[in-house]
Amino acid sequence: MGRDERGVTPQQEDFSAWYNELVAKAQLVDRGPAKGTMVIRPYGYRLWELIQDELDRRIKDTGHENAYFPLLIPESYLRREADHVEGFSPELAVVTHAGGKELEEPLIVRPTSETIIGEMMAKWVSSHRDLPLLLNQWANVVRWELRPRMFLRTTEFLWQEGHTAHAGEADAMRETMLALDLYTEVARDVAAIPVVPGEKTAGERFAGAVRTFTIEGMMRDGKALQAGTSHYMGTNFAKAFDIQYTSEAGQLELCHTTSWGMSTRMIGGVIMTHGDDKGLVLPPRLAPYQVVIVPIGRGDQGAQTSAAARELAGRLKAAGVRTHVDDRAQLSPGFRFNDWELRGAPVRLELGPRDLESGTVVMAKRLGDEGKQSIPLSSVPELLPGVLEDFQAFLLRRATEFRDSHTAEVESWDSFTDAVASGWALALHCGKAACEADIKAKVAATPRCIPLDGAPETGRCVLCGDASAYGKRVIFGRAY
């Protein structure tokens, strides 16, 4: 079939069109009836479930417990922390009527849960023995979005949000960095996205935070994607919500709190880090189906290959491989091959009558230079786990090489402009908000992060020439 029906616009021609067409044609998502909302279809939701499984296990392994807090938050709660309400005001959805009457106090549809969880923490914490309090919530949030893009910016999205309370700054900062490490690990080892962990500049901090840390990934158009954030709140929310504890010395002290989140935006990151002109390319550890078997043949031969495909799928599933048999006999083999390329299945196995006779199956990987290979049917369950691990490593290596080749250390404004046109610029910066704003106005680039592993360096700001502020270079780039 032609591109109008099955294919997608090439990335080089229009990356945005490529993305918008792909998320629909690969059956990941559809637009919801309310502005900016999305319906996550089963194939897309399975991606989220797999991210969720990997992250939830790590969260629980580090001592956190899942809870659930209300969707509706009294407006007065948000007003208690001034920076927080100011930062979120433009995005809030507000309920003013319920039960046929106007409410005495408007309710905010949860944009994030620091306020409601802070209120409960104040009830649950009284002594140093109650600390640390390590909570996590899997939930939906609503932030009114004027320019929606599926998975990346939608009015409603899904996420986890960790919220913790600690006796002091050192313990809270360890927690903040622990969460960042969990996100880095999931992005790198599960999603095969080679993110850069770092700290946000003051102008990019979360509303109400003392320090904000982020993981930044590079998409295949050279733009950055903030893929997860972790915030040290200091005592800002403890003061606002009276979260106090009695120390061992008998003194009343304010708690230090953190919050951290990763959302369905990660699915967009996977799409844009690995996808190509044929469609999705899914890392095996996140693929809903790691292997798709396509039986070929008509009539009795088709019945034989379908039965053999189901038997092989059973052996692969027993070996821990997520497997699907596409036996849609009414569709040509070519259509089915193209369909699973579009949907990003890492490995496709083609099983025809001749293959059955010879005791082999044809293996095709979604990416790679090897082409199709015939492998013995009997050894498929033993071979495939290794093939999938190699493919996972290949995707991470490929994405890392792309990121590194599109990142440049720059000294002049001209070289800065060239770098952010197609990727990232590593530049010295004065740290002034007005200078950040000038850069954004001139080239649409923002400071993505101050990399944690950046080498010590000082000098002059790439734009204004004032002394650099951070003791290392800052990553600038255009971003989603």
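In helix 8, Arg265, Met266, Ile267, Gly268, Gly269, Val270, Ile271, Met272, Thr273 and His274 are buried. Helix 8 covers residues 265–274, and ten of its ten residues are buried. The model is predicted.

**Helix 12**

- Helix 12 runs over residues 380–405 and has 26 residues.
- From the first C-alpha to the last, helix 12 reaches 36 Å, which is close to the 38 Å expected at 1.5 Å a residue.
- The buried residues of helix 12 include Val380, Leu384, Val387, Leu388, Phe391 and Leu395.
- Arg398 and Arg403 in helix 12 are also buried, as is Gln392.
- An α-helix has 3.6 residues a turn, so residues three or four places apart point the same way.

- Strand 10 spans residues 211–218 and is mostly covered, with seven of its eight residues buried.
- One partner of strand 10 is strand 9 (residues 196–199); the two are antiparallel and are paired over four bridges.
- Across this pairing, glycine 198 stands opposite threonine 214 of strand 10.
- Strand 11 (residues 224–234) is also joined to strand 10, through eight bridges, and these two strands run antiparallel.
- Here phenylalanine 213 is opposite serine 230, a residue of strand 11.
- Strands 10 and 11 make a hairpin, with five residues between them.
- Glycine 222 lies in the turn of that hairpin and has a positive phi of about 85 degrees.

- Five strands make up an open sheet with mixed pairing, in the order 16-15-17-18-19.
- Strand 16 (323–325) and strand 19 (373–376) are at the edges; each has a single partner strand, so one side of each has no neighbour in the sheet.
- On average, neighbouring strands of this sheet are turned by 30 degrees against each other, direction ignored.
- Strand 15 (residues 291–295) pairs with strand 16 in the parallel sense, over three bridges.
- Valine 291 has threonine 323, in strand 16, as its bridge partner.
- Strand 17 (residues 347–351) and strand 18 run antiparallel and are joined by four bridges.
- Valine 347 has lysine 365 of strand 18 as its bridge partner.
- Strand 18 is joined to strand 19 by four bridges, and these strands also run antiparallel.
- In that pairing, valine 361 is partnered by isoleucine 375 of strand 19.
- Strand 18 (residues 360–365) is largely enclosed by the rest of the structure, because five of its six residues are buried.

**Salt bridges**

- The whole structure holds 27 salt bridges.
- Arginine 188 and aspartate 189 form one of them, with their closest N and O atoms 2.7 Å apart.
- Arginine 188 is partly exposed because its relative accessibility is 36%.
- Aspartate 189, at 24% relative accessibility, is partly exposed as well.
- Aspartate 327 and arginine 310 meet through their side chains in a salt bridge of 3.6 Å, N to O.
- This pair links distant parts of the chain, 17 residues apart: aspartate 327 is in the loop between strand 16 and helix 10 (333–342), and arginine 310 is in helix 9 (residues 299–318).
- Aspartate 327 counts as partly exposed because its relative accessible area is 36%.
- Arginine 310 has a relative accessible area of 46%, so arginine 310 is partly exposed.
- Another salt bridge joins arginine 473 to glutamate 411, with 2.6 Å between the closest N and O atoms.
- These two residues are 62 residues apart: arginine 473 is in the loop between strand 22 (446–451) and strand 23 (474–477), and glutamate 411 is in the loop between strand 20 (407–409) and helix 13 (413–422).
- Arginine 473 is buried, at 6% relative accessibility, whereas glutamate 411 is exposed, at 59%.

**A nonpolar patch on the surface**

- Tyr68, Leu71 and Leu72 form a nonpolar patch on the surface, and together they have about 280 Å² of accessible area.
- Leucine 72 belongs to strand 4 (residues 72–74).
- Leucine 72 counts as partly exposed because its relative accessibility is 38%.

How values were computed
Residues are numbered from 1 along each chain as its sequence is written. This is a predicted model: local features need pLDDT of at least 70, side-chain atom pairs count only at pLDDT 80 or more; totals for chains, interfaces and linings use all residues. Side-chain values use heavy atoms; hydrogens and water are left out. The expected span of a helix is 1.5 Å times one less than its number of residues. Buried means under 20% relative accessible area, exposed over 50%, partly exposed in between (1.4 Å probe, protein chains only). Patches are made of residues with over 30% relative accessible area and no salt bridge: like charges are joined within 9 Å, nonpolar side chains (Val, Leu, Ile, Met, Phe, Trp, Tyr) within 5 Å. Accessible areas come from the Shrake-Rupley method with a 1.4 Å probe; for residues, only the protein chains shown count as cover. A salt bridge is a side-chain nitrogen of Lys or Arg within 4 Å of a carboxyl oxygen of Asp or Glu. Two strands pair if DSSP finds at least two bridges between them. Axes are lines fitted to C-alpha atoms, for helices over the stretch in contact, and angles run from 0 to 180 degrees between N-to-C directions.
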